[in-house]
Amino acid sequence: MPSNLRDQMLAVIADVNAQVAEREELVEMIAIALLTGKNLFILGAPGQAKSYAINAFRNRITGARQFERLLSKQTDEEQLFGRIDLSSLIPGSVPRDVLEKNPQYQDMYGRLEARLTSGGDVGDLPEQMERQRKALGELYGGDPQVNTAGKIPEADICFLDEIFKCNDGVLNSLLTALNERKYTNEGRTYPIPTISFFAASNEVPNFSDPQEKILEALYDRLELKVVTANIENRDKRLAVLRDKQAGRTGQIAASVTLDELKQMQEEAANLPVPEAINELADDILCQLRRNEITVSDRKYLNYYPIAQARAWLSGHTQVEPQDLLALKNYLWQKPGERAVVESELNRMCINPMQDKVNNIRGMAAEAKEEFDAAKEQVGSKALIKLRGELIRLYGDQQKLAGEAQSDSERQMTDGLLTDLESISRQAHEAVGFTYTPLDQLAALQ
């Protein structure tokens with residue numbers, strides 16, 4: 001048996017991965033979506049097990065109310081959010097949901113049903129029920145009610161397939177549901193308990209087309225995004241085929257309850273996010289913007305729950321640089337941006353200290369090249385400018401040295417200091433000035 005909540009979630013992830021091939025990234029993102037309450041969009045061609053993976057995972061959340069719908073231009077709001085209970089519009093009539101939620105009426109209904117089933121005397125139960133119905137009618141009759149049973153307003157997990165096929169009428173309601181977890185009908189606003197909305201499509205709308213641009217807001221509210229492909233490995237394809245032929249698909253070997261999922265969410269949300277991680281995330285933001293990849297401030301300011309969920313799944317006691325790798329499914333908008341986002345995350349997060357050291361070393365080398373080009377003409381002025389840059393870089397090096405957490409990282413920062421001192425010494429000697437260590441130059445500032 002799993003020893004803790006994390007082991008239970010990892011068991012569910014492993015169980016789903018055993019049912020599908022080459023969907024590890026998607027399955028992990030489904031887990032992270034549920035741990036963070038974010039929405040997930042899956043882009044892929046038909047027949048790539050997008051729906052199967054989502055359904056396999058959500059079927060392992062016991063006690064969670066589910067909603068699923070294949071959207072089309074004919075889909076209306078009532079199919080998603082429920083329809084007006086016509087009886088609620090009749091003065092004195094009682095809406096069905098009022099009767100269902102009234103304990104006294106339900107108690108009498110249960111006793112009446114039991115007596116009728118056993119053939120016993122019903123006594124005055126029908127009269128009591130009618131009096132109760134009339135009393136409730138005085139309180140609630142004529143107040144429009146929406147019957148939301150089995151619809152999104154009563155679902156913990158929702159799956160909307162072919163989401164971009166929805167019509168304009170449904171669009172606005174979905175926007176509010178995905179973003180605010182609310183639905184309004186007949187002047188009444190209903191809270192939506194949905195933890196995560198999962199959506200799938202085999203295409204992304206052309207947002208430059210005026211007719212499809214309206215869907216851009218809906219796309220933006222699907223924060224996490226995964227792209228699937230056909231199974232590449234032949235052995236894995238055959239393994240899935242053999243399992244299907246043997247009837248082994250669809251078996252559930254691990255699950256978690258809805259209450260356990262909520263406890264998992266709390267554990268993940270309580271993991272500390274060090275300031276160095278926030279700074280690294282900001283560095284990533286700036287680098288992506290330099291690469292002309294649009295990342296809004298809103299998206300940046302909401303990055304950390306994803307990193308916390310990834311850290312929790314990895315068994316970390318706080319968010320670490322490699323946990324930011326999960327942002328590869330968060331920071332891109334256009335599918336063509338995925339490769340650049342993933343490349344920058346790998347470069348900056350797998351060994352962030354080395355990346356920072358290399359950046360400082362590169363700036364020092366550029367400053368030295370500029371000095372070499374100007375020393376013959378301006379001499380001491382070129383040295384003064386170089387020294388100012390080296391003192392600034394020395395300050396950055398000292399900050400990195402203070403952040404070093406291992407012998408290898410300390411070796412990196414020590415090596416950087418050696419290189420900065422070497423550049424300073426060579427420059428001083430080149431113009432006939434006495435060399436002074438950078439720590440002493442910095443103290444004079």
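This note walks through a predicted model of one protein, point by point.

1. **Confidence.** The mean pLDDT of the protein is 88. A score of at least 70 is reached by 96% of the residues. Where pLDDT is low, the predicted coordinates should not be read in detail. Among the elements, strand S5 (residues 146-147) has the lowest mean, at 75. Helix H14 has the highest, at 97.

2. **Overall shape.** The protein has 445 residues and a radius of gyration of 31 Å. The C-alpha trace spans about 115 × 55 × 45 Å along its principal axes. Look at the model along each of these axes in turn.

3. **Contents.** The protein holds 19 helices and eleven strands. Of its 445 residues, 42% are buried. Now take the contacts between residues at least 6 apart in sequence. Of these, 76% join residues at least 24 apart.

4. **Strand S6 and its neighbours.** Which strands pair with S6? Strand S3 (residues 66-70) does, in the parallel sense, over five bridges. Strand S9 (residues 196-201) also runs parallel to S6, again with five bridges. Gln66 stands opposite Ile157. Ser196 in S9 stands opposite Ile157 too.

5. **Is S6 buried or exposed?** S6 covers residues 157-161, and five of its five residues are buried. Both faces are covered. One side carries Ile157, Phe159 and Asp161. The other carries Cys158 and Leu160. Note that Asp161 is among the buried residues.

6. **Helix H14.** H14 runs over residues 304-314. Nine of its eleven residues are buried, so the helix is largely enclosed by the rest of the structure. The buried set is Pro305, Ile306, Ala307, Gln308, Ala309, Arg310, Ala311, Trp312 and Leu313. What covers them? The cover includes three helices: H1 (5-17), H2 (24-36) and H11 (258-269). Strand S10 (224-227) is also part of the cover. After H14 comes Gly315, with a positive phi near 80 degrees.

7. A pair of aromatic rings is described by the distance of the centres and the angle of the planes. The protein has eight aromatic pairs, counting rings whose centres lie within 6.5 Å. In one of them, the rings of Tyr303 and Tyr304 have centres 6.2 Å apart. Their planes meet at 85 degrees, and over 60 counts as edge-to-face, so this pair is edge-to-face. Tyr303 has a relative accessible area of 4%, under the 20% limit, so Tyr303 is buried. Tyr304 has 38%, between 20% and 50%, so Tyr304 is partly exposed.

8. **An aromatic cluster and two charges.** Phe41, Phe164, Phe207 and Tyr219 form one aromatic cluster. The charged end of Lys225 sits over the Tyr219 ring, 4.5 Å from its centre.

Methods: Residues are numbered from 1 along each chain as its sequence is written. This is a predicted model: local features need pLDDT of at least 70, side-chain atom pairs count only at pLDDT 80 or more; totals for chains, interfaces and linings use all residues. Side-chain values use heavy atoms; hydrogens and water are left out. Buried means under 20% relative accessible area, exposed over 50%, partly exposed in between (1.4 Å probe, protein chains only). Helices (H or I, at least four residues) and strands (E, at least two) are DSSP runs, numbered from the N terminus. Two strands pair if DSSP finds at least two bridges between them. Contact means heavy atoms within 4.5 Å. Rings of Phe, Tyr and Trp (its six-membered ring) pair if their centres lie within 6.5 Å; planes under 30 degrees apart count as stacked, over 60 as edge-to-face and the rest as tilted. A charge sits over a ring if NZ of Lys or CZ of Arg is within 6 Å of the ring centre and within 35 degrees of the ring normal. pLDDT is the predictor's confidence in each residue, from 0 to 100. The radius of gyration is taken over C-alpha atoms; the globule rule is 2.2 Å times the number of residues to the power 0.38.
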